[in-house]
Amino acid sequence: MSVMHNVSKAVHDRVSTNNPHNSYGINCEGAVNAMDLNRDVSRVVVAGRNVFKIYNVEDDEFTEKFNLRVGRKLNLDFSVSDVAWSHIDDNILASAATNGKVVIWDLNKPSKSKQDFIFQEHTLVLDGSLKIFDIRLKRVASTFSVGSTSIRDVQFCPSNFNYFAFAAADEGGNVQIWDMRRLTSPEKQFTAHGGPMFCLDWHPSEPKWLATGGRDRTIKIWDHALGKLLYSVPTIASVARIKWRPERKYHIASCSLVIDFSINVWDVRRPYIPFASFEEHKNVATGIVWKKDDGHTFYSSGKDNFLYQHVFKDAIRPADKVVPDGLDVSVIGHVTQATKDKTKSLEKKKYSMFSKQPDKGDQFIDAKSFVFSYTNCHQLLSMEWFVNCAKQYILHGRSFEEMCEHNAQVSDQNDRFQVAQSWRMLKAIYTKPTVTKNLLRTESVMSNVSEKPKDKVNQPDTPKSTEKDKQTMDATSEDDDMTDTDLSSIARGQINPPVEWDILFGGADVEQSFPTFGHMENIGPDFKLPKEAFVPRHEIKDPSEVPKQNNQDSPPLSANETEANPANNHNSKVNEDINMLLLMKEVEISEFAFTDCVEQMLKYFAEEGDVQTTVCMLVVLGERRPKIPEEIQDDWFISYLELLARFKLWTVSNTLINLSHLGSISMMNHQSTTINVTCNQCNRVLTKVGWLCHKCKSVINSCAVCHLPVKGLFVWCQGCSHGGHINHIQEWLTISKQCPTGCGHICEYT
């Protein structure tokens, strides 16, 4: 089954190719932390720990106007972390020093030192307070208490929207919107990021839009009136600065705190690829300022000591290099394909000879694709085998041989025969083998038969037995039905022995059958074979002595007589083997160096994408596992845990974490298991008692709706630290999204 969707989106940006400005830069002779432009964009100030200069902005270059790092004593007041130019007077600017001071500079002063006044109200750089200074009266006009959190950025709302409003980004990821006339609490507050937030910016034309960026590597566009997320732009690094592009509603520029040295301009409607990129900086950029009412020119500074003017016509367009085709397979086997439309008849336009065709660099690439979705109907794409193996594999609690054999059977049941064979190979390699070796020793006994007279050749010999021999044979006959005559005949070779006696007669004509190893498993270690297969009737003499009979030589027998007498035929074989003994001995086979083979097998499965087999084998091997770098094993375990999380196999994942031999993996069960409540008055984390703040002595377990103490389950908002009874909070949030205490925070109950 397939479903087709026609996805078409074209975003145009008609950049003027007649822009007289060009891109250029200058070396500021020091790393720059911040920069700003004056009102008429005729001057630019750059500041850092070791640089503080003002440049004139010319058509094709920057020229130095002032160097503010002059004087006899260059202390930390000249080491700047941020700088801003006055919007009223081009000769007044302010800088934030790294020691917590705010310095006012007056460029009209006739002396070399341009310092006008220093505010020292901030005791620390991050003391968790907001202050508004009156530079005319040279004092603090207002102080806003923000609790124990630190403020990372402050931006005033455009005066044409709200003259008294400003927004602050705190280290906890919250956005606080304040009114200068209200000092006790912010007008609105909502959580924008899951970690520290470093920057924010008001939209120049949309009064309700506010952009934020933080350590979570995302740029988020908010409707601050509703606390609603409108757009989200993922980046590859922490976001340090963001600035809306003039005359473009959906365009915003950003630079990263680390790793990424380029400045990207994003279209928030297409967040996964930059609209344009500028890669002049060789280190991270620290400042972005757009030219007033000009969306084609902006200025930037960076840690590479350079100040640049960028012109949009020189930008790199990453979207032009992207192939508009894609293919992906879901975890349940569904396939989605996107392919470009080769028929461009709808996009063709006719231009007259007098009209100018637009430059391709003036607009975003036209993205038009057909999307096909295919439902999984083939067993090959199914991941059912993965789920079955994850649930049925045994990784602990049994012997190594049993686990290997069980896991091999599970793999066989899921048609994964190569994996099953690999499990059995592990079992064969690491199981200590013992085999029994047959050492066959044959004792040759010479015949001790006397030559008979010619008249007694055809008469069988009947040796006489003593009384002791008779008693022994009587005892033996109780368990054996053989008679004395039969035993004598067998010994002489006149009759064939029973089949089970074949092993006792190595030289007999009958076929010999040896016992198998399976019959020897029950033989004890103290077992000894008897010297003879049966109790002899008389003592066997030394065969080296030749007996004498009546001191006469026996006449030779004819050929016919020899063939007719089987006894004489048997006795003529002097060196015939009479008895064959089995000596059982255990032989230990030395272990072969299979470690390299096992390591290659594990890496093979991992490279093929089957991290399940690799990780499970590592766990089952235990101390037998090969020496593989822990960084590689960490990647294998994390990849397998992510797959288990996709299929919601939480129990299997938890078991695997507990069985892991890697410290970084086994510690995952000990992380993020505790959530500390913060005080709703001073924002202090409550570590000892969860309902009493030891700093401000306030009780926080009172319900924000009924104002009664909560006993039992307590709903707590991580943004504003207010809460209450579950049913009361649920009822309140059905009629209002703001906190019932009136703090202005947009609470959400999930």
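Reply: Where pLDDT is low, predicted coordinates should not be read in detail. Across the chain the mean pLDDT is 76, with 69% of residues reaching 70 or more. Residues 358-362 also fall below 50, and this stretch has eight contacts in the model beyond near neighbours in sequence.

Now the helices, taken in chain order. Helix α8 spans residues 595-607, helix α9 residues 611-621 and helix α10 residues 630-646.

The axes of α8 and α9 come within 7 Å and cross at roughly 145 degrees. The crossing of α8 over α9 is left-handed. On the α8 side the contact is made by Val598, Met601, Leu602, Phe605 and Ala606; α9 supplies Val611, Thr613, Thr614, Met617, Leu618 and Leu621. Sorted by class, the contact of α8 with α9 has nine nonpolar residues, two polar and no charged.

Helix α9 also meets α10. Their axes come within 9 Å and cross at roughly 120 degrees, and α9 and α10 are therefore oblique to each other. Here too the crossing, of α9 past α10, is left-handed. From α9 the contact takes in Val611, Gln612, Thr614, Val615, Cys616, Leu618 and Val619. These meet Gln633, Trp636, Phe637, Ser639, Tyr640 and Leu643 in α10. The residues of this contact divide into nine nonpolar, four polar and no charged.

Val611, Thr614 and Leu618 of α9 take part in the contact with α8, and Val611, Thr614 and Leu618 are also listed for the contact with α10.

Phe144 lies in strand β12 and Trp178 in strand β15, so the pair ties together parts that are 34 residues apart in sequence.

How values were computed:
Residues are numbered from 1 along each chain as its sequence is written. This is a predicted model: local features need pLDDT of at least 70, side-chain atom pairs count only at pLDDT 80 or more; totals for chains, interfaces and linings use all residues. Side-chain values use heavy atoms; hydrogens and water are left out. pLDDT is the predictor's confidence in each residue, from 0 to 100. Contact means heavy atoms within 4.5 Å. Axes are lines fitted to C-alpha atoms, for helices over the stretch in contact, and angles run from 0 to 180 degrees between N-to-C directions. Helices (H or I, at least four residues) and strands (E, at least two) are DSSP runs, numbered from the N terminus. Angles under 35 degrees count as roughly parallel, over 145 as roughly antiparallel, 65 to 115 as roughly perpendicular and the rest as oblique. A crossing is left-handed if the near helix is turned anticlockwise from the far one by less than a right angle, and right-handed if clockwise. Ala, Val, Leu, Ile, Met, Phe, Trp, Tyr, Cys and Pro count as nonpolar, Asp, Glu, Lys and Arg as charged, and the others, Gly among them, as polar.
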